[in-house]
Amino acid sequence: MVRIGSYESIKNRLTNGKKPTTSQLVIAGAVAGGLGGVAGNPADIVLVRMTTDSLRPQDKQRGYQNAIDGVLRIAREEGVSALMRGVVPNTIRAVLMTSSQMATYDVCKNYFMTTRHPEIRMKDGLLLHVVASGVAGLVATTICSPADVIKSRVMAKQNASITNVIKVSLHNEGPKFLFKGWTPAFARLAPNTILLFVFLEQLKKMWHNVPNVV
């Protein structure tokens, strides 16, 4: 919510109402992603731990009852600073995700609306939103995969550094570990991205029509 909400505001500030360049879209996405990465880090830690808890030995399972219980227990048992564990890879991942996802969507949408090839030109509507968001999901999944894998492995372990995770993973699995889980990640992110932008476009349209209704 932080990254999506701040993206439009940052983009408008950078462009001053003019047509944004690709670099401006990437910068806006990167800044918004950084803000979202820091704000969402505690929730991400709890999510990773809860989804991987069943893989741990039974005597070492954490057994968080819910997200709030997870945050409170981490703060109580490991210290408040533990809620920021993995914030660097998480923020990097959020920067990569938002800049690639949002910028790709805007660039792709503009391309299909203004292309000189009439056979692929589209009007601003649902079909265009689905196509542009599908491409954005593909690009974002590929760009974010390395950071996503490293972030999850750092957050799943206590006292694990980024360099140690990379070193051990490279030794045991080779460079291919950076794209481990790409297919399920795309299967999850693609529909998520499509729904995100389809609903976002509808909300923006409703918001722009509010002054006309009042």
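Trainee: How do the elements of the protein chain run from the N terminus on?

Mentor: They run α-α-α-α-α-α-α-α. Keep in mind that this is a predicted model.

Trainee: How many helices and how many strands is that?

Mentor: Eight helices and zero strands.

Trainee: What does the C-alpha trace span?

Mentor: About 60 × 45 × 30 Å along its principal axes.

Trainee: What share of the residues is buried?

Mentor: Of the 214 residues in the protein chain, 38% are buried.

Trainee: And the accessible surface, what does that come to?

Mentor: About 12,600 Å² for the protein chain. Carbon and sulfur atoms hold 65% of that surface.

Trainee: Contacts next. Take pairs at least 6 apart in sequence. What share joins residues at least 24 apart?

Mentor: The share is 70%.

Trainee: Charges, then. How many positive and how many negative?

Mentor: There are 26 positive and 13 negative charges. Their mean positions lie 5 Å apart.

Trainee: On to the inside. Which residues touch the most other members in the largest nonpolar core?

Mentor: Tyr7, Met102, Tyr105, Phe197 and Leu200. The core has 16 residues.

Trainee: Which elements give two or more residues to this core?

Mentor: Helices H1 (2–15), H2 (22–39), H5 (87–114), H6 (126–156) and H8 (182–213). H5 gives the most, with five residues.

Trainee: What other core lies apart from it?

Mentor: One of eight residues. Its members include Ile45, Val46, Val48 and Ile74.

Trainee: Back to tyrosine 7. Which residues is it in contact with, leaving aside neighbours within four places in sequence?

Mentor: Leu25, Ala28, Gly29, Ala32, Met102, Ala103 and Asp106.

Trainee: Is leucine 200 buried or exposed, and why?

Mentor: Leucine 200 counts as buried because its relative accessibility is 18%, and the cut-off for buried is under 20%.

Trainee: How far is leucine 200 from histidine 129 in space?

Mentor: They are 9.8 Å apart, C-alpha to C-alpha. In sequence they are 71 residues apart.

Trainee: Switching to cysteines. How many disulfides does the count come to?

Mentor: Zero disulfides.

Trainee: What is the relative accessible area of cysteine 108, and what is that of cysteine 144?

Mentor: Cysteine 108 has 10%, so it is buried. Cysteine 144 has 2%, so it is buried as well.

Trainee: Now the loop between H6 and H7. Where is alanine 160?

Mentor: Alanine 160 has its place in that loop, between H6 and helix H7 (162–173).

Trainee: Buried or exposed, that alanine 160?

Mentor: Buried, because its relative accessible area is 17%. Beyond neighbours within four places in sequence, alanine 160 is in contact with Val154 and Val165.

Trainee: How far apart in space are alanine 160 and leucine 35?

Mentor: 24 Å, C-alpha to C-alpha. They are 125 residues apart in sequence.

Trainee: And lysine 157, where is that found?

Mentor: Also in the loop between H6 and H7. Lysine 157 has a relative accessible area of 49%, so it is partly exposed. Exposed needs over 50%.

Trainee: What separates lysine 157 from isoleucine 68?

Mentor: In sequence, 89 residues. In space, 20 Å from C-alpha to C-alpha.

Trainee: Which helix is isoleucine 68 found in?

Mentor: Helix H4, residues 67–78.

Trainee: Is isoleucine 68 buried or exposed?

Mentor: Exposed, because its relative accessibility is 63%.

Trainee: Last one. How far is isoleucine 68 from methionine 1?

Mentor: Their C-alpha atoms are separated by 18 Å. Along the chain, the two are 67 residues apart.

How values were computed: Residues are numbered from 1 along each chain as its sequence is written. This is a predicted model: local features need pLDDT of at least 70, side-chain atom pairs count only at pLDDT 80 or more; totals for chains, interfaces and linings use all residues. Side-chain values use heavy atoms; hydrogens and water are left out. Helices (H or I, at least four residues) and strands (E, at least two) are DSSP runs, numbered from the N terminus. Buried means under 20% relative accessible area, exposed over 50%, partly exposed in between (1.4 Å probe, protein chains only). Contact means heavy atoms within 4.5 Å. Accessible areas come from the Shrake-Rupley method with a 1.4 Å probe; for residues, only the protein chains shown count as cover. Lys and Arg count as positive and Asp and Glu as negative; His and the chain ends are not counted. The place of a charge is taken as NZ of Lys, CZ of Arg, CG of Asp or CD of Glu. A nonpolar core is a set of buried Ala, Val, Leu, Ile, Met, Phe, Trp, Tyr and Cys residues joined through side-chain atoms within 4.5 Å. A disulfide is a pair of cysteine sulfur atoms within 2.5 Å.
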